[in-house]
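Biologist: I am new to this structure. Please take one part and look at it closely, then place it in its surroundings.

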Amino acid sequence: MRHKTFFWFFLPTGLAMLLFIALPIVSVVTQSIFAPHEAVLVEVENCTPLVGCTTETSIDQEATRLLRDAKPLGRFVGLDIYFDRGHLAIAELKEIWATSESWGGFWDKLSNLPLYRALAFTLTFTFVVTPLTLVLGLVIALAINSLHRHLKGLMIFFSLLPMIVTPLIGSMILFWMIDSRGILGSALIGLSGDPDLSLKASTGLMWISLMVYGLWHASPFAFVVFYAGLQTLPSDQLEASQIDGATRWQQVKYVIVPHLMPLVTFVALIQLMDNFKVFEPVVGFSAQAHAQSLSWFIFNDLGGETRQLSSASATSVITIIGVAILLSPVLVRTWRDFKGAR
Amino acid sequence: MASRAQRMPKSLRIASTFFVILWFILAAFPFAWTVWGSFKVELDFFSISDWTNGLTGERTKSVYGSAFTGTGYEGAWIQEEFWRNVLNTGIVCFFVVTISLTVGTLGGYALSRSTHNYTFWLLITALIFRAMPPITLVAGYLLPFFEWNVWGILPTTIIVLVAINQPFTLWMLHSFFKNIPQELDESAKVDGCNQFQAFRRVIIPVMWPGVITTGLFSFLLAYNDFAVSAMLLSESNRTMVPAIAAFLGTTQTEGNVMFAVAAVVSATVPLFILVMFFQRQIVGGLTAGAVKG
């Protein structure tokens with residue numbers, strides 16, 4: 001295809017991505033190194049006879065407006081926003097490092113810093129849910145694959161539901177069930193015999209509930225991909241392994257899993273990226289008090305009356321860097337494939 | 001398919017069946033429970049005294065004389081005007097799907113037919129864009145949108161969602177077009193068509209399966225989006241999902257949780273229907289990217 005033809009075909013989509021993805025990234029980075037102007041203050045001395053003089057500090061509206069018009073970006077603060085207490089908290093970090101004697105104490109104090117708390121939850125969620133998703137997806141695929149073929153279609157239909165449903169809605173549905181007055185919540189109370197048991201009140205239980213939701217939502221995807229992979233499994237390999245006396249577990253371990261390995265990598269990478277974005281369940285479970293994710297952090301800064309764009313931008317940049325680190329193995333592999341293909 | 005040797009031993013078959021039933025309950029029961037409970041009063045759905053009230057609807061009977069009541073739906077759709085949000089979601093989804101498919105088809109086709117180096121870099125850029133959480137971009141949208149006075153209206157959100165959707169659409173359509181033999185449009189060009197005519201007369205008639213699958217996923221993205229729509233739409237233009245999230249904030253204090261439950265059920269029904277009719281395409285689309293690596 002000639003360059004010119006390509007250009008015209010690609011122009012609409014390229015323009016859309018340039019204007020609404022690439023430029024906003026630039027704008028987010030810029031906003032994260034500029035803070036809004038502080039109001040210009042003036043001190044006015046009021047002197048009244050007999051009473052004496054008082055100085056009053058007030059905002060000079062005119063000067064503030066002029067300053068904002070002259071430099072609409074705000075004042076340049078460099079990496080200050082990144083290093084402040086709401087983000088990387090470098091000063092606090094140093095102090096904690098210097099003062100705490102044991103690792104336990106260090107982690108304890110670290111978890112008081114909001115960004116690290118959010119980062120801890122996001123990473124725990126990502127690295128707990130992703131492997132469990134792979135395992136559960138594989139087990140479901142193996143179990144459903146052994147069903148009668150009329151049942152398979154029906155089971156695939158129901159299995160797709162947790163994945164297709166809007167994440168916020170799915171998390172609310174589960175949340176209502178685990179409410180202490182909901183069906184699962186009261187069942188748990190009955191089982192544990194503790195009438196005050198509430199998943200909402202404890203940080204640990206809340207994290208577990210959120211991860212259960214993540215697993216429920218993500219495993220259908222792994223299941224569908226692995227199920228499709230099982231259909232292409234050459235039956236002579238399985239038979240050969242049986243003749244060699246492999247047990248069923250050995251067949252899974254030495255024949256089926258190696259056959260599915262490329263798909264496992266694929267699903268793992270997609271899930272790592274998606275789980276790192278975790279956001280809707282935190283809102284749906286009203287879990288802000290116990291678990292905050294990076295995305296929730298940005299959302300919280302942006303919402304409300306005071307839109308803290310600089311703070312949100314800095315967190316956005318940190319999140320994007322996190323995604324880039326997670327994505328780097330894929331990029332390297334794609335680059336190698338591309339080199340090899342030429 | 002199973003040879004005699006493949007047949008499972010009895011214990012394993014029982015374990016496997018048991019597991020399938022367990023998964024079936026896990027996947028389907030929350031939906032069934034919520035749909036059933038949406039026709040009850042709050043004290044039945046959230047029952048302190050006895051969980052079976054949720055099934056039998058004791059309180060609902062004592063209030064309305066029947067075990068089912070549509071008050072949740074009435075409250076959500078009429079009192080809280082949920083139909084407006086449904087309408088907005090309809091508009092957003094329709095335009096997002098049509099525009100992304102039109103734009104994405106052209107781009108994906110070009111990427112699949114060009115052999116130059118830059119196609120690789122464009123695809124990689126798209127992959128990086130696809131991996132970024134959309135919420136990280138919102139901080140970049142707000143100031144310009146306020147400045148131009150386009151914040152809060154549906155067209156802005158539609159364009160943003162189309163753009164966020166493009167990377168995925170491009171990848172998906174790119175691989176579908178790769179599967180259409182290049183000889184098809186080459187021969188059309190030999191017969192005197194230019195590239196666009198070849199695309200229109202030869203490719204468009206055969207591309208529909210791929211386009212429908214991609215369209216389904218574009219629809220799901222627009223339908224399921226919460227973070228971006230919640231940030232970019234004003235209160236009067238809200239789509240369903242942000243509206244439900246707002247219910248969560250206001251209704252709990254008013255004791256009208258059932259409105260939210262009814263709204264949630266209403267918003268899930270279209271997805272049920274979608275899976276019912278397009279199960280094959282959804283499964284195909286999910287695996288298309290994977291099986292090719």
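Modeller: What follows begins with one hairpin, moves on to its chain, and ends with the partner chain.

This is a predicted model, in which local features need pLDDT of at least 70 and side-chain atom pairs count only at pLDDT 80 or more, while totals for chains, interfaces and linings use all residues. Residues are numbered from 1 along each chain as its sequence is written, and chains are lettered from A and ligands numbered from 1 in the order in which they are written.

Take strand E2 of chain A, residues 41-48. Strands here are DSSP runs of E with at least two residues, helices are runs of H or I with at least four, and both are numbered from the N terminus. E2(A) pairs with strand E3 of chain A, residues 52-59. Two strands pair if DSSP finds at least two bridges between them. Here there are eight, and the two strands run antiparallel. One of the bridges links Asn46(A) with Thr54(A) in E3(A). Three residues lie between the strands of this hairpin. Leu50(A), in the hairpin, takes a positive phi near 80 degrees.

None of the eight residues of E2(A) is buried. A residue is buried if 20 or more other C-beta atoms, placed from the backbone, lie within 10 Å of its own; 12 or fewer make it exposed, and anything in between partly exposed. In a regular strand, side chains alternate between the two faces of the sheet.

Now the whole chain. Chain A has 15 helices and four strands. Its radius of gyration is 28 Å, well over the 20 Å that the globule rule gives for 342 residues, so chain A is more spread out than a compact globule. That radius is taken over C-alpha atoms, and the rule is 2.2 Å times the number of residues to the power 0.38. The C-alpha trace of chain A spans about 110 × 75 × 45 Å along its principal axes. Of the 342 residues in chain A, 35% are buried.

Positive phi turns up elsewhere in chain A too. Ala89(A) is not a glycine, yet its phi is about 50 degrees. Ala89(A) sits in the loop between helix H3 (80-83) and helix H4 (90-99) of chain A. It counts as buried because it has 20 C-beta neighbours inside 10 Å. Ser286(A) has a phi near 45 degrees. Its loop joins helix H13 (280-284) to helix H14 (294-302) of chain A. With 16 C-beta neighbours inside 10 Å, Ser286(A) counts as partly exposed.

Next, the partner. Chain A gives 78 residues to the contact and chain B gives 76. Two residues are in contact if their C-beta atoms, placed from the backbone, lie within 7 Å. The side of chain B that touches chain A has 58 nonpolar residues, 17 polar and one charged. Nonpolar means Ala, Val, Leu, Ile, Met, Phe, Trp, Tyr, Cys and Pro; charged means Asp, Glu, Lys and Arg; the others, Gly among them, are polar.

Chain B divides into domain 1 (4-75) and domain 2 (81-291). These bounds come from an automatic or database domain assignment. The C-alpha centres of domain 1 and domain 2 of chain B lie 33 Å apart. Twelve residues of domain 1 of chain B are in contact with ten of domain 2 of chain B.
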